Amino acid sequence: MKRRELLLGGAAAAAFGALASEKPEKGAARIGLSPVFVDDQLAFLTNWRSYLEQALERPVQFVQRRSYREIMDLLLEQRLEFAWICGYPYVRNRAELQLVAVPVSEGRPTYHSYLLVPATDRGTNSILDLRGKVFAFSDPDSNSGFLYPNYELVSLAEPPDRFFGKTFFTWAHRNTVEAIAAGLAHGGAVDSYVWETLRRYRPETAAHTRVAARSPEFGHTPFVARRGVPSRDWLALQRALTGMRDSPSGRALLEKLNLDGFVPGADSLYEGIARMMAAVKGVALHAPTA
Amino acid sequence: MRRLRDLSFKYKIPLRGVVLALLTALIVTASMLYREYEGLKQDLVTTSGHLARVLANTLVTPLVHDDVWRAYEIINSPFAAGVKEASPQTAELIMILDANRRVYLATNPRQYPMLTDPGRANPDFYELWQDIEGLRQPGTRVVERAGSPKLYVVTPIIADGIRLGTLVIGYSKDAFAPRVIGLAKGAALAMLAALAILLPASWYWARRFALPLTDLAQTMHLVRETLPDPADVKVYESRDEIGQLGAAFKAMLKGLREKEALEKEVVFSERLAAIGRLAAGAAHEINNPLGGMLNAISTFKQHGNEDPLTVRTLSLIERGLLQIKDTMSALLVEAKVKSHPLSRQDVEDTRTLVLADAHRKAATLDWENGLDERPVALPSTHVRQVLINLMLNAIEAVEPGGRVGCRIAPEGGSLAIVVTNDGGYIPQERMEVLFEPFATGRESGHGLGLWVTWQLVHQLGGTIIAQSEPGNTSFTVALPLPEETP
């Protein structure tokens, strides 16, 4: 396990250009949040933002978007300093990004991809049982919600673009759970962390779904900084996040997030994703028509 | 049926009123409900038309982008509030059909899975095809299939002239039921409230209408052998038909009563007249031999016969014959005797005559002589006889210390004589035969006093009426005065 050295300094010479984020706050830390967690708890987000503002001693601005790609684009266009993203786009854009922190759930900085089916479906135990069915992906840039099921099909020698009868994107793991619970899709792939969180906080939806199969573990959805962000800034965020488990208010927020805490994390956590990426390279996957 | 017809108006009219009130309430309620139902349906068509147009417009982009989840969120937005209450305005189903008539999306994907033929889950869709096919222009169409509990609002999703798919919104007509039932309950309550007022009111009015009729019917039942007492005749006083009927009935009763009285009077007079004729005939037949016998005895006496036994026997016979003669002459009232016209003094003389008897009984005599100095053209002998007879009877009837009254006065075209006393009254059965000869209930007297009085009054063309009740008995005589002769 090679631990990636932290890149110090302003080599990236953060002379960033004009920021175009809406309502830019002067000196604010702009953090992009993609739907890798249950991101619709606005009251919670306000509290978390206050917490981070206190820890960073500067204003914090959360920026939320519908898809992972929009957050990644904002980050790469230097409109954001930080973002909570998925391991898949992290691996894809590793050169541009600096790992800040990795969430820890159930004691480990990892999560799984769950193959989810309606609770009424008792027979499905593998993705192979869903041939010709309607399948829900979360986001084309999601590891657990897109890359892994495609990789699995490829490794089983099934053509991913023709295996299912119909596929669609829900743009959030939570929506995938709802689509399956409603019977809209016969199956879907979701982030285990989101599903477990839903099961804990919104059992009425999760109860209508069943985990038919689970993937090996992958590095958890990372907090990243755009390269070029001064190291004292991202280190400050790293300290703020990893320090949450040490204060009562931080622990209360972690409880809401259904996380044990954040750790600095190692780049090597994402090797599994990198391998899958390589395996599906050149294979026609389902691509969003949008 | 027959028994219903036989029912008394007392019940029949109120029952009709009640039935009318009920019918009215039912018809009003039913028409209200029908209007409400139609209104609900019209509202549904209007609101669903709006909803369908909004949804169809919003769905264009997600359909072009094949963004299933976005489209799903859009068609679920009418349900998003989490309102599961069965309101008729809440769609039961929203579905998008693709160009191949397959389900692209439905709000209840379990029943209508993606990519399947919706007709398999609901045969209504096989029939809906022709309506869906026919839609080439934007706009909504309401499709109602006979026998189906559903109502469909069909809207094509068209972008730039290209038909992307079809939006179908299904409504359950059953959803109307709770609303209609709720309305019906409300209407029923209102109906009951109205009936609570209408029923007693109609019952009351109907009773008021029926009661005069039933009263009249009951009173008519009283008319059988005898006429009802006027006090028992209850008649509704008004000018309406029932009132007229009652008045006519009353008039009829009055006529009947007068006729009855007249008949009684006629029978009475005829009986007395018959008795009079019989008495006169008998008297005449007896008087002739009687006169002969009395003459014979007289002659025999003149010839002188000393035999004491014969003399005593003859005088016994003579006394008996004389008594018969007296009785006969009393029976045979003869009013043809000439006498002078009645004067005030004649009446006063009569008073003097009866005063002795009154004093003997210590009775008070109220005497009222209404005649003036001019004589009245009536035979004084007869009038005095009538007056004496009535006065003596009255004095006889009173208890010692009682009161006897007499009033004589010309009244209209006749002379009125009213004799009253406060003695024991004459029972009804005696009243019937009061004026007949020998009908007296008394120990003394020959019982011809009133007979003679009646005969005299009758021969003078007058009337005599006896009325008697405890404490007051009166005889009223009216003697018509002859036409004024100067």
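Modeller: Begin with the radius of gyration, which is taken here over C-alpha atoms, with a globule rule of 2.2 Å times the number of residues to the power 0.38. The model is a predicted one.

Biologist: What radius of gyration does chain B have, against that of a compact globule of 486 residues?

Modeller: Chain B has 55 Å, whereas a compact globule of 486 residues would have a value near 23 Å.

Biologist: How many helices and strands does chain B have, and what share of its residues is buried?

Modeller: Chain B has twelve helices and twelve strands. Buried means under 20% relative accessible area, and 36% of the 486 residues in chain B fall in that class.

Biologist: Why is strand E5 of chain B described as largely enclosed?

Modeller: Strand E5 (residues 162-172) of chain B has eleven residues, and eight of them are buried, so the rest of the structure largely encloses it.

Biologist: Which strands pair with E5(B), and in what sense, parallel or antiparallel?

Modeller: Strand E1 (residues 93-98) of chain B pairs with E5(B) in the antiparallel sense over six bridges. Within that pairing, Met95(B) has Val168(B) as its bridge partner. Strand E4 (residues 150-159) of chain B also runs antiparallel to E5(B), joined by ten bridges. There, Lys150(B) is partnered by Ser172(B).

Biologist: What lies between E4(B) and E5(B) in their hairpin?

Modeller: Two residues separate the strands, and Asp160(B) takes a positive phi near 55° in this hairpin.

Technical notes
Residues numbered from 1 in each chain as written. Chains lettered and ligands numbered in written order. Predicted model: local features only at pLDDT ≥ 70, side-chain atom pairs only at ≥ 80, totals over all residues. Heavy atoms only, no water. Helix = DSSP H or I, 4+ residues; strand = E, 2+ residues; numbered from the N terminus. Buried < 20%, exposed > 50% of the residue type's maximum accessible area, 1.4 Å probe, protein only. Pairing = 2+ DSSP bridges.
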